[in-house]
Amino acid sequence: MSAEDAAAAAQQPLAEERAEVEPQAADQAPEPAQEQKSESVSETAPEDKAPEVKEEEKKEEKEEDTFTYRALVLTGYGGYDKVKLQLKKGLPSPGEGEVRVRVKACGLNFAELLGRQGLYERLPSPPVTPGMECSGVVEAVGEGVQDRQVGDSVLVLGRCGLWQEVVVVKADHSFLMPDGMSYEEAAALPINYITAYMMLFEMGNIRPNKSVLIHMAAGGVGIAATQLCKTISDVTVFGTASASKHEVIKQGGVTHPIDYRTRDYAEEIRKISPKGLDIVLDPLGGSDTQKAFNLLKPMGTLIVYGAANRLTGQRKNLLALAKSWYNQFTISALSLMHSNKAVCGFHLGYLDDEFPLIARVLQTLLELYKQGKIKPRIDSTYHFEQVADAMRRMQERNNIGKVILLPEPKKEEPKAEEDKKESASEDKKEGEQKNDIQKEEPQEEAKAEEPKTGES
């Protein structure tokens with residue numbers, strides 16, 4: 001025993017007092033903060049507090065078990081009614097390297113329309129929650145997460161499962177939102193702009209004085225591609241859209257809008273650019289892919305990234321599928337060599353193993369947003385209860401820009417109902433007053449009606 005220990009032992013109280021004090025010190029040792037708060041803690045305080053702590057822990061566990069959150073679930077393949085609003089139970093906890101996000105807005109993409117009909121192979125079988133992009137606020141962070149904290153506003157990328165109020169995702173699949181960006185814009189940016197950027201810059205090698213054809217130019221990818229083309233000088237953009245959308249897409253940067261419903265877009269392009277085009281972005285498939293290839297100049301590039309022609313109604317159309325398959329574009333390597341053209345395919349859903357590339361592209365896009373060079377156009381917002389209306393608007397191609405889903409419940413409008421009731425009660429009172437007047441003064445009423453008939 002050291003000299004210091006011996007001195008300390010000599011100064012200790014009697015054995016009886018020591019027996020009373022030592023248990024108290026042992027109980028309080030793990031909680032030094034409590035000793036600093038009050039020096040006169042009673043000997044029974046730690047014993048009383050232990051049950052309270054256990055009760056609080058049980059209460060938290062109970063809240064986690066009873067917690068519910070809203071989610072959209074694809075219950076089967078078919079029409080709009082197959083996506084249903086459901087309540088999920090249990091508060092999801094982030095694991096190592098994960099974050100929990102309270103979702104504020106979700107993006108609706110063409111892939112989800114295909115997935116509803118069983119035509120998008122990257123979506124797991126029902127029942128499943130769709131959703132590849134969303135935005136919200138970080139609520140909790142898992143162990144090992146250093147670059148995210150509670151309260152951060154983020155946009156999120158995922159394969160599926162983001163159409164719900166609360167999501168748990170890998171921390172590196174979340175990206176900090178720039179100042180001034182709304183949650184709707186954040187949910188609108190990832191899928192459309194990553195797709196457009198990678199096609200134009202990674203595959204198309206777009207440069208000044210090039211020409212580009214953008215189909216569905218008023219859609220999410222179409223508007224994103226148009227804005228990105230504007231970041232390069234002297235790029236000529238041809239865009240197909242219905243006539244009612246031409247003014248908007250022209251203001252957005254489309255040089256030559258073409259109404260694909262009333263005109264042959266290939267003929268219209270040949271009138272303006274007889275030699276053809278440098279880049280064609282094809283989301284249509286079928287016979288349109290052959291037309292796109294024929295429109296290319298030598299050294300031109302065709303990038304196929306969709307098959308919208310397969311989607312012709314609420315449910316899977318076997319005739320449309322067969323027609324699209326029959327008209328599928330095929331070409332031999334020898335023909336490609338002789339034509340001096342390139343054909344590429346792009347599918348963001350199959351780039352799971354290339355996430356560092358995707359993250360780099362998204363960071364570039366966020367920087368372009370900060371510089372004011374790109375800005376998602378929000379067509380409309382729908383609450384989860386209105387998901388069928390949102391899908392219908394997009395599938396019928398009535399949107400100009402991005403369609404957004406909002407997890408928060410749709411607020412009722414009681415004021416309007418009260419106004420209706422008040423109006424009805426006032427009409428009733430007026431009717432009763434008129435009846436009383438008719439009973440008391442029938443002659444005066446008759447006289448009063450005579451000038452009215454003359455006025456009419």
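Visitor: What accounts for 68% of the contacts in the chain with a separation of 6 or more?
Guide: Those contacts are between residues 24 or more positions apart, where contact means heavy atoms within 4.5 Å. This is a predicted model, in which local features need pLDDT of at least 70, side-chain atom pairs count only at pLDDT 80 or more, and totals for chains, interfaces and linings use all residues. Residues are numbered from 1 along each chain as its sequence is written, and side-chain values use heavy atoms, leaving out hydrogens and water.

Visitor: How do you know what the predictor's confidence is in each residue?
Guide: We read the pLDDT, which runs from 0 to 100. Its mean over the chain is 83, and 75% of the residues reach 70 or more. Over residues 6-47 the pLDDT is below 50, and this stretch has 14 contacts beyond near neighbours in sequence. Residues 437-456 are also below 50, with 3 such contacts.

Visitor: What makes glutamate 133 count as buried or exposed?
Guide: Buried means under 20% relative accessible area, exposed over 50%, and partly exposed in between (1.4 Å probe, protein chains only). Glutamate 133 has 0% relative accessibility, so it counts as buried. Leaving aside residues up to four places away in sequence, glutamate 133 touches several residues, including Cys106, Val156, Leu162 and Lys402.

Visitor: Where is glutamate 133 found?
Guide: Glutamate 133 is in strand 4 (residues 133-141). Helices (H or I, at least four residues) and strands (E, at least two) are DSSP runs, numbered from the N terminus. The chain has 17 helices and 15 strands.

Visitor: Why are helix 10 and helix 11 called roughly parallel?
Guide: They pack at an angle of about 10 degrees, with axes 11 Å apart. Axes are lines fitted to C-alpha atoms, for helices over the stretch in contact, and angles run from 0 to 180 degrees between N-to-C directions. Under 35 degrees counts as roughly parallel, over 145 as roughly antiparallel, 65 to 115 as roughly perpendicular, and the rest as oblique. The pair is therefore roughly parallel. Among the residues making this contact are Tyr265 and Ile269 of helix 10 and Lys291 and Leu295 of helix 11.

Visitor: How do you know what span is expected for helix 14?
Guide: The expected span is 1.5 Å times one less than the number of residues. Helix 14 (residues 355-370) has 16 residues, and its 22 Å from first C-alpha to last is close to the expected 22 Å. Its buried residues include Phe355, Ile358 and Leu362. They pack against elements including strand 5 (153-157) and helix 7 (190-203).
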